[in-house]
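Welcome, and thanks for taking a look at this model with us.

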Amino acid sequence: MTPAPLTLAPEHLYRHLMGPEAEVGSFVSGRLVAGSGDAIALLNPEDGTPLLTYRDTSVELVRTALDDARVAQRGWAATSARERGIVLARLSELVSRHADNLARLEAWSTGKAVKGCRAQMAAVAESLRYYAGWTDKFAGKVTSVPNGQLNYTLREPLGVVLQIMPWNSPLYLAGGSMAPALAMGNAVLLKPSELTPLSSLVLGRLAIEAGLPPGVLQVVNGLGQTVGPVAIEHPAIRKVVFVGSTQTGRRVNSAAGLRPIPCLLELGGKSANIVFDDADLPAAVDAAVVAAFANTGQNCAAGSRLLVQRPIYERFVEALEQATARYKVGAPLDESADCGPINNAAQYRKVWDMIAMGLAEGATLMTGQAAPASDARGYFIPLTVLANVTNTMRIAREEVFGPVVVAIPFDTEDEAVAMANDSEFGLVGAVWTRDIARAHRVAAQVDAGIFWINMYREMHASTPFGGYGNSGYGRGSGEEALHEYTQTKNVWVPYAHGA
């Protein structure tokens with residue numbers, strides 16, 4: 001697969017990566033299979049014009065993919081840990097080699113700014129490298145027990161794992177989720193969002209090129225109601241990983257519980273970014289813009305609740321307005337753009353409805369618009385800062401998943417912590433202060449799976465990611481993810497005389 005010319009039209013980039021005759025379908029057992037169900041039409045987020053149309057998968061193909069995955073997983077689990085690591089390392093190299101093509105495909109498909117997509121491709125490659133190194137280093141242990149027996153544990157793969165991914169960062173989330181699962185000897189049935197199927201198909205093809213046996217990574221594209229229930233009920237599936245909204249996550253969790261099989265859920269967020277009056281204000285302002293507006297706010301870890309201590313509140317909001325004006329919204333393939341349009345029409349309408357709701361509740365519009373322009377094309381929404389918000393307003397409590405940040409004043413440290421925790425979510429949080437003792441106090445008290453001090457959005461495959469409360473449960477990265485994708489077997493062996 002050679003690098004695509006920069007002049008190649010986006011609609012031809014997919015076939016450049018997959019093959020000249022490739023259509024959009026599912027990548028099952030090493031081959032591309034067209035769907036046979038209803039047509040799924042995708043629109044270009046940049047201008048609302050038709051992007052492509054493909055067909056929903058079938059129940060029969062889902063079952064075939066799972067039957068094949070169950071067989072392939074046994075062989076993959078029997079492969080030496082060293083060889084599994086080599087395959088993942090090769091896949092990491094291939095992702096790195098084709099990172100620019102993948103980033104452009106992702107930007108075109110999702111509406112994400114291409115430079116952000118490049119950063120995510122680097123993170124996918126890093127995740128694969130990281131877990132390639134774990135394959136022969138994660139094992140059981142020997143336990144001292146009475147009466148002279150040898151007792152040890154084994155960490156064994158679960159089997160086939162269903163991974164349901166969203167549309168906001170499809171390849172970044174798919175790559176980070178499948179890497180630890182494959183490293184531990186599982187097979188994966190990857191179900192991308194029906195709105196962003198393309199990059200996951202390319203990843204499936206690259207996995208075969210890297211030496212992953214056919215069937216170990218199955219990519220099934222189609223509607224959630226077509227794939228989800230059939231896959232969750234299939235006996236091959238031993239765990240469900242879901243990344244997406246809290247409402248859908250609850251339904252997935254309930255369906256899995258009927259069997260019962262475990263879930264790993266990464267759901268919504270309404271994260272608090274807390275700024276005290278002794279903070280480094282320029283650094284906090286710049287970070288607040290990126291925290292709120294990276295990926296056009298379509299990010300579960302967005303710093304969408306900005307809590308600012310009252311003595312600096314007006315000054316901070318004014319500086320935030322100025323910094324927001326410098327953060328460029330542009331076409332996805334515009335190299336100078338910091339973020340692009342909203343991904344799809346339904347989410348576009350929801351974000352405008354949420355802005356209108358916030359204004360109706362009494363929030364003040366500092367930047368942005370109250371409603372879309374009559375001649376608006378595509379799904380662009382101006383970056384929006386709402387001030388004079390209270391923590392009881394719906395705009396401060398419900399996830400927008402768009403470029404909207406609310407600025408809420410507070411007086412004391414205790415009040416800031418109480419506000420941060422007065423939420424159904426608990427994914428991430430941050431604090432900005434020069435008082436290091438205060439920073440650690442706040443970090444210890446805020447209910448969040450990840451917490452940053454004088455920084456925001458730093459993540460790495462080696463660190464655990466996951467939330468508290470309605471932000472989900474389980475940890476999808478770091479060493480903790482290896483526990484998520486293995487089960488423990490305890491073995492007893494008598495070896496002392498008379499035992």
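This is a predicted model: local features need pLDDT of at least 70, side-chain atom pairs count only at pLDDT 80 or more; totals for chains, interfaces and linings use all residues.

A residue counts as buried when its relative accessible area is under 20%. Because its relative accessibility is 3%, Gly 297 counts as buried.

**Around Gly 297**

Where does Gly 297 sit? You will find Gly 297 in the loop between α10 (281–293) and β13 (305–309). Leaving out residues up to four places away in sequence, Gly 297 touches Ala 292, Ala 302, Phe 401, Gly 402 and Pro 403. For a sense of scale, Gly 297 and Tyr 54 lie 243 residues apart in sequence, and their C-alpha atoms are 28 Å apart in space.

Let us step back to the domains. The domain assignment of the protein gives domain 1 as 10–267 + 474–487 and domain 2 as 272–461. At their interface, 34 residues of domain 1 are in contact with 31 residues of domain 2. The size of an interface is often given as the accessible area lost when the parts come together. Here are some values for this pair of domains.

| Domain 1 and domain 2 | Value |
|---|---|
| Separation of centres, over C-alpha atoms | 30 Å |
| Buried area | about 2400 Å² |
| Share of the buried area from carbon and sulfur atoms | 54% |
| Salt bridges across the interface | three |

Which elements give two or more residues to the side of domain 1 that touches domain 2? They are α4 (99–110), α5 and α9 (246–257). With seven residues, α5 gives the most to that side. As for a salt bridge you can look up yourself, the side chains of Glu 424 and Arg 250 meet in one, at 3.8 Å from N to O.

In soluble globular proteins, nonpolar side chains tend to be buried together. In this model, the largest nonpolar core has 94 residues, and Leu 91 and Val 240 touch the most other members. Helix α5 (residues 114–132) gives the most to this core, with nine residues. Apart from this core lies another one of 37 residues, including Ala 287, Val 317, Ala 323 and Trp 432.

What surrounds Val 240, neighbours within four places in sequence aside? Val 240 is in contact with Leu 162, Ile 164, Ile 232, Val 252, Ala 256, Ile 261, Pro 262, Cys 263 and Leu 264.

Technical notes. Residues are numbered from 1 along each chain as its sequence is written. Side-chain values use heavy atoms; hydrogens and water are left out. A nonpolar core is a set of buried Ala, Val, Leu, Ile, Met, Phe, Trp, Tyr and Cys residues joined through side-chain atoms within 4.5 Å. Buried means under 20% relative accessible area, exposed over 50%, partly exposed in between (1.4 Å probe, protein chains only). Helices (H or I, at least four residues) and strands (E, at least two) are DSSP runs, numbered from the N terminus. Contact means heavy atoms within 4.5 Å. Domain bounds come from an automatic or database domain assignment. Buried area is the accessible area (1.4 Å probe) that two parts lose on being put together, summed over both. A salt bridge is a side-chain nitrogen of Lys or Arg within 4 Å of a carboxyl oxygen of Asp or Glu.
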